[in-house]
Amino acid sequence: MPGNDQPESRPGRPDAPDGSGRSHVSRRSLLGAAGVSAAGLAAGAFGGLAAAAPAGASTTPAARGHGGADLRDSDEHVVVHVHGGRGGDLDVFRGTSRTRVHDPELAARLRRTLR
Amino acid sequence: MSSHREAPEISKDPVADSTDLYAFVSPDQPDTVTLIANYIPLEEPPGGPNFYEFGDDVLYEINIDTNGDGDADISYQFSFTTKVRNPDTFLYNTAPILSLNSASWNRRQFYTITRVTDAGSEVIASDLACPPCNIGPLSTPHYDKLAAEAVHALPGGGQVFAGQRAEGFYVDLGSIFDLGNLRPFEELHNQFGMHVFTQPAPGVNDTNQKNVHSIALQVPTSALVASSTTPVIGVWTAASRQNVRLAGAADAQRLDIGPWTQVSRLGNPLFNEVIVPMGSKDQWNALPPSSDKNFASHVANPELAALLPILYPNVFPSLAALVASGKPRADLEAILLTGIPSGIVPGFTNFTGTVQADMLRLNTSIAPSSSPNILGVIGGDLAGFPNGRRVFDDVVTIELRAIAGLTYPLVDSSFTPDGAASKVTDGLTPSSVKAPFLSTFPYLGVAYDGFHNPS
């Protein structure tokens, strides 16, 4: 079942560290994963996400009051980071938000797409 | 350096790299506080045709803690937008730039300021113009005027400037990073047995004739303190990037997506640079000051304090004994992590509580000094570092002397510092900076132009 484990950050400020202070997603791993995730965004996969998110995904809200050309552009794009291992965690990025989704089946489908 | 290129990851990301932070009661407007956060280290003035600018993809912040918990109670966020008039020329400017709306200036930058508190966020100013970089006598013939035009009044009082300034932090990088070989004392260095230096030499200011990009904010003191009875604030700057970057996403442009995540932080000068070990520097940059208890052991037992007696044999015997005793450096913990409690330095405190957090702590109730001492509190000037930090304070010498044991008697009256602890320095003063500091906002000197600098 889809689920979530991502705490929300403090409104209006950059993404707050969780737990002891570190984001689950390191900058380096995301940079590395971004291309893989974009490649995995087939129409079918996106449909899976759309179904999964309302069932229990949580969203890290955007930093309020910040705008600019990059921000507007990025609203049109979605990037999915499939976490390593077989846990089925995915982060879905859009605009200035991140949504944590737990969906092992979708994660497996995305991985199969890349084979 | 104060915080220039101080950690492995941020050294590869200069537009997000905080270099210096200043916080002081404005000497000419003592009912206000000036906060200055510098970014982009070691700008070479001739660095065209793509001259230096803030990152449109970076969220810059100046944060204020009003209750001593190491978390921000007030944040001033700065976001930048670059506008290109003509994408079909390679030129930054096609004729002299005589005003901020000059048609001949091709690549301009504007910014928005948002004030964030627990009550919400408010855009307090937008579409504010940055000045151009100082290019030379043909391109920017009246640069002083351009820089002055870029000082904007803020609603509710105060003013702001964002753009290029002369680097005001003076430091002998070449000597310090050559195994701590301070030129004024180089004949006393162990020289690893090579016997290269036999005479003292004057310091060299390696940041002279270089520029930085400054975000300078002057606001009424009443807008920064929780109440008149709690005049001490903690200040730090931070820069954040969005989680994901796609290179070449569309039309060869980068695409940044996701929440803002902190990649750079700066409170006290030299904290991440000299105190935090290599393996933790990137992590430190991503954390808030409220996490700094995790780094407190490096303050209590600083690596540099142990190195000085080794590098300078027989010069620091008392420091060597103190290090060998294993006693924690409670003096440094107070200076850097909690502020100095009342009763330690007569007439002074900038204590914010027991939470250990690297913040520049400013007691806003202490009036500016009419005769400043660049050594700040250890020089008897309570309006200087570590009570906040003024643009001309000699923070390298202050911190060298503190680490060498000069401030340990504040917590242990039986300790007698080495004579060298009150003399150690890299040999520089504000006169080592070619561009003079200003007596009015934004206080840092006018940016060096690329035609005459370096010279």
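Helices (H or I, at least four residues) and strands (E, at least two) are taken here as DSSP runs, numbered from the N terminus. This is a predicted model, so to speak plainly: local features need pLDDT of at least 70, side-chain atom pairs count only at pLDDT 80 or more, and totals for chains, interfaces and linings use all residues. Residues are numbered from 1 along each chain as its sequence is written, chains are lettered from A and ligands numbered from 1 in the order in which they are written, and side-chain values use heavy atoms, with hydrogens and water left out.

Let's start with chain B. It carries nine helices and 12 strands. For its 455 residues a compact globule would have a radius of gyration near 23 Å, and chain B, at 22 Å, agrees with that; the radius is taken over C-alpha atoms, and the globule rule is 2.2 Å times the number of residues to the power 0.38. The C-alpha trace of chain B spans about 70 × 55 × 45 Å along its principal axes. As for charges, chain B has 25 positive and 46 negative ones, and their mean positions are 2 Å apart. Lys and Arg count as positive, Asp and Glu as negative, while His and the chain ends are not counted; each charge is placed at NZ of Lys, CZ of Arg, CG of Asp or CD of Glu.

Chain A has four helices and four strands, in the order α-α-β-α-β-β-β-α from the N terminus.

Here are some values for both chains. Buried means under 20% relative accessible area, exposed over 50%, partly exposed in between (1.4 Å probe, protein chains only). Accessible areas come from the Shrake-Rupley method with a 1.4 Å probe, and for residues only the protein chains shown count as cover.

| Chain | Buried residues | Accessible surface |
|---|---|---|
| Chain A | 43% of 115 residues | about 5700 Å² |
| Chain B | 60% of 455 residues | about 16700 Å² |

Now for some backbone details in chain B. The peptide bond from Gly48(B) to Pro49(B) is cis, with omega near 0°, and Pro49(B) sits in the loop between strand S2 (32-43) and strand S3 (59-65). Another cis peptide bond joins Asn453(B) and Pro454(B), with omega about 0°; Pro454(B) lies in the segment after helix H9 (395-403).

Leu179(B) is not a glycine, yet its phi is positive, about 55°. Leu179(B) belongs to the loop between helix H2 (173-176) and strand S9 (211-220). Gln191(B) lies in the loop between H2 and S9 too, with a positive phi near 55°, and is buried at a relative accessible area of 8%.
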